[in-house]
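Please keep the structure open while reading.

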Amino acid sequence: MRIVLLGAPGSGKGTQAVKLKIELGLAHISTGDLLRAAVKAGTPLGLKAKAVMDAGQLVSNDLVLSMLEERLMQRDVANGFILDGYPRNLAQCEALEELLDRIRQPLDIAVKLNVPNEVIVARCEIRYKAEGRADDKPQTVRERLRVYTEQTAPVADHFAELGHLVVVDGVGELDEVFKRILGALRSSRAAVA
Ligand code: B4P
């Protein structure tokens, strides 16, 4: 199965993707994690990405696409994947569709986690206090939410037009949200079968 996880920053995409990876035996590809690893390793890509990420903006489409393309060529992806944090704008959406066509791995479904902004700001503040991630500062989270509304929300509309989108309530205990996602995946498979 090939899944795209959508939702605002801090909506729980990464958290739920880790659980889905274990449950469904899929590769977990998080562009945020790949970028943070590049920043940590001090690669040329990481050096370019750091300031952009810390400001709550999106890293350039070209840089993220080349990194994603490299990851999608790895062997574990052949059994299916959960793509977490990509695509984040319509240009990335188009690039993804072309790339997946080329490697003959078309998407099955996009799952969007719905979480109100005030819940997101509160979650990220907790993580900021615990981990000190620069982009979790309350004012940066607000900027990320602005970028999300402007650039990423239309991506969900695009998947909805294709009939590939399911929307899941992302508020509640982790296991509760996880059960809702599994339920949505099962119903969509039933709808396809
Ligand atoms: P990401 O790494 O994608 O980060 P995110 O939006 O914060 O995360 P996510 O929705 O996965 O939330 P999480 O589970 O962590 O992006 C970081 C940055 O990288 C972007 O701002 C951008 O600069 C760059 N980037 C990434 N992809 C890009 C792309 N394609 N193009 C350009 N730039 C890109 O959850 C957040 C917190 O909530 C955690 O602390 C978690 O413990 C908590 N939480 C989760 N679920 C909860 C629940 N049900 N209840 C209570 N707390 C919960």
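1. The largest cavity holds about 50 Å³ of space. A cavity here is a set of points on a 1 Å grid over the protein atoms alone where a 1.4 Å probe fits but cannot get out. Points are joined across faces, edges and corners, and a volume is the space filled by probe spheres set on the points. The structure has one cavity of 30 Å³ or more.

2. A word on provenance. This is a predicted model, in which local features need pLDDT of at least 70, side-chain atom pairs count only at pLDDT 80 or more, and totals for chains, interfaces and linings use all residues. Numbering runs from 1 along each chain as its sequence is written, and side-chain values use heavy atoms, with hydrogens and water left out.

3. What lines the largest cavity? β1 (2-7) gives the most, with three residues. Both β1 and α7 supply at least two. Helices (H or I, at least four residues) and strands (E, at least two) are DSSP runs, numbered from the N terminus.

4. The largest pocket has about 900 Å³ of space. A pocket is an open set of points with protein on both sides within 12 Å along at least five of seven lines. The pocket has 40 lining residues; closest to its centre are Gly-10, Lys-13, Arg-127, Arg-133 and Arg-144. Helices α1 (13-24), α2 (31-41), α6 (117-131), α7 (138-162) and α8 (174-192) each supply at least two residues of this lining.

5. Now the ligand. It has 29 residues around it, and Gly-14, Thr-15, Thr-31, Gln-57 and Arg-127 come nearest. The criterion is a heavy atom within 4 Å. A polar side-chain atom of Arg-36 lies 2.8 Å from a ligand oxygen atom. For Gln-57, a backbone N or O atom lies 2.7 Å from an oxygen atom of the ligand. A side-chain N or O atom of Arg-123 is 3.4 Å from a ligand nitrogen atom.

6. Check Asp-135, in the loop between α6 and α7. Is Asp-135 buried or exposed? Its relative accessible area is 9%, so Asp-135 is buried (under 20%, with a 1.4 Å probe and protein chains only). The Asp-135 side chain makes a polar contact with the side chain of Arg-133, at 2.8 Å. Beyond neighbours within four places in sequence, Asp-135 is in contact (heavy atoms within 4.5 Å) with Met-53, Thr-140, Val-141 and Arg-144. A polar contact is a pair of N or O atoms within 3.5 Å; within protein, one must be able to donate a hydrogen and the other to accept it, and residues adjacent in sequence count only if both atoms are side-chain atoms.

Note on methods
1 Å grid on protein atoms, 1.4 Å probe; cavity = no way out; pocket = protein on both sides within 12 Å on 5 of 7 lines; lining within 4 Å. Buried < 20%, exposed > 50% of the residue type's maximum accessible area, 1.4 Å probe, protein only.
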